[in-house]
Amino acid sequence: MNDVTGAERSPWRRDPWIALGAATVFACILMVLPAPEPADPPGGPLPETNFAVVDVTVFDGEEFRPHRDVWVEDGRIRAAGQRLALPDGLPRVDGRGYTLLPGLIDAHTHTYGMVLNDSLRFGVTTVFDQFTMPSLAAQKRPARERLARTGESDLFSAGNLATAPGGHGTQFGVPVETLTSPGEAPAFVAARKEEGADWIKIVWEDGGTFGADIPTLDRETIAAVIEAAHAEELLAVIHASRLEHSLAALEMGIDGFVHVWGDEVISEEDAVRFAEAGVFVIPTLSVRVAAAGESMGPELLETTEPEYVSPMQRQTLTQTFPRPVGTSEAAVESVRRLHAAGVRILAGTDAPNPGTGFGISMHGELRLLERAGLSAAEALAAATGVAADAFGVEDRGRLARGRIADLLLVAGDLESDLSRTTAIAGVWKDGFPVEAAWATPQEPQ
Ligand SMILES: [Zn+2]
């Protein structure tokens, strides 16, 4: 929730947040998960650009489908189905015993350092950044349309967030254009659109849940920014760390929430209101559990080959928040109720906050979503098809004809054991295989 890492040599400064109400105390049972071995690619080096993965269990962005063939042509999916009539001589990957899924989408990151390289190696082929410098986002934007060998995942970004002078988001040493009144909202949003923002992110954060007092936008200004975003045909998403603020934003017509609040468990009635409004929620349980002192970092590092983990991933995964408080169970319970009510849930990590790592933490987020009651298919959909749909990204997120061949191949059956997503046997970006080890990043072309 604090937006960027406190890593050494980083220009970002750590800004702790603690989100859980002390009144809500649950027993937290940390699951002891099996440790899947990193997998070898089936039958030697992975083919590129034009090939097929045959007789594989597919997760298509929505559900599992056994015994499928997926045909990639010129970096896009040409066909996916049963017993496809494939041309003679087309390179084939024997998919028996493996699961093939769309490259994952991390719906909440912050662009810093090796984010795009570190994400890609772990099968996260697209990241939705929730605050970075607009110039950086603009620099990365052309790669989204380019089908070429690359060592980086694609970036979509909110760019400059909407916050008050001195408000959350301004503490990181990056220049932020702020606003103070409803009348400024239309020009503020128009400027973001001009910069190329893919959506508008609003901050409603008074610091109260972590014992601070931070200037924040008032209700009228937040409502005006949402209205202005919609007038410009942009989605408006919000960082709100209190349930009370989240419910107010719902009334204002917000499209999505980039965190689940941690102060109170939502009532079942209010969860139904979220569902009826059609909003989505990116709970970022990875950072919620880390703030509660229950980071997934050790578990993820234990189940991953050391050579795959970059120094920055290791550093941020092993960092801790300075003042861990409470448990994560209130946030998990709210997600459980939202999901049960039918609210769209998206997977996002808020990496590189302490206790999280780019890319690798998406595999922990999937396990946390399962803990909140999502099935394996629902958790994977939260990281693929549902995320693409929520942000209106139509060229990825599903294994379907015409979509970009961003693919993740894992050894084993994810439907029965979701923790096997880290048994990565191959990653393709734009139809090109990606090197697994961090020390040998591929040169962008
Ligand atoms: Zn964030």
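Helices H6 and H10 cross in a right-handed sense, a crossing being right-handed if the near helix is turned clockwise from the far one by less than a right angle, and left-handed if anticlockwise. The structure is a predicted model, in which local features need pLDDT of at least 70 and side-chain atom pairs count only at pLDDT 80 or more, while totals for chains, interfaces and linings use all residues. Residues are numbered from 1 along each chain as its sequence is written. Helices (H or I, at least four residues) and strands (E, at least two) are DSSP runs, numbered from the N terminus.

H6 spans residues 268-277 and H10 spans residues 329-341; their axes lie 8 Å apart and form an angle of about 55°. Axes are lines fitted to C-alpha atoms, for helices over the stretch in contact, with angles from 0 to 180 degrees between N-to-C directions. The two helices H6 and H10 are therefore oblique to each other (under 35 degrees is roughly parallel, over 145 roughly antiparallel, 65 to 115 roughly perpendicular, and the rest oblique). On the H6 side, Glu-268, Ala-271, Val-272, Phe-274 and Ala-275 meet Arg-337, Leu-338 and Ala-341 of H10; residues are in contact if their C-beta atoms, placed from the backbone, lie within 7 Å. This contact of H6 with H10 comprises 6 nonpolar, no polar and 2 charged residues (nonpolar: Ala, Val, Leu, Ile, Met, Phe, Trp, Tyr, Cys and Pro; charged: Asp, Glu, Lys and Arg; polar: the others, Gly among them).

A further helix pair is formed by H3 (residues 185-195) and H4 (residues 219-231), whose axes come within 8 Å and cross at roughly 50°. H3 and H4 are therefore oblique to each other, and the crossing is right-handed. Ala-185, Pro-186, Phe-188 and Val-189 of H3 meet Thr-221, Ala-224, Val-225, Ala-228 and Ala-229 of H4. By class, the contact of H3 with H4 has 8 nonpolar residues, 1 polar and no charged.

Among the strands, E6, E7 and E8 form an open sheet in the order E6-E7-E8 with parallel pairing, where strands pair if DSSP finds at least two bridges between them. Strands E6 (104-109) and E8 (154-157) are at the edges with a single partner strand each, so one side of each has no neighbour in the sheet. On average, neighbouring strands of this sheet are turned by 20° against each other, direction ignored. The parallel pairing of E6 with E7 (residues 124-129) runs over 4 bridges, and Ile-105 stands opposite Thr-126 in E7.

Strands E2 (residues 64-73) and E3 (residues 76-81) run antiparallel and are joined by 5 bridges. Within this pairing, Asp-69 has Gly-81 in E3 as its bridge partner. The hairpin of E2 and E3 has 2 residues between the strands, and Asp-74 takes a positive phi near 50°. His-67, which lies in strand E2, also has a positive phi, of about 55°, although it is not a glycine.

A cis peptide bond links Ala-351 to Pro-352, with omega near 10°. Pro-352 is placed in the loop between strand E13 (344-345) and helix H11 (360-371).

The mean pLDDT (the predictor's confidence in each residue, from 0 to 100) of the protein chain is 88, and 88% of its residues reach 70 or more. Over residues 1-36 pLDDT stays under 50, and the model has 96 contacts beyond four places in sequence for this stretch. Residues 440-445 also have pLDDT below 50, with 14 contacts beyond near neighbours in sequence.

Conventions
Contact = placed C-beta atoms within 7 Å.
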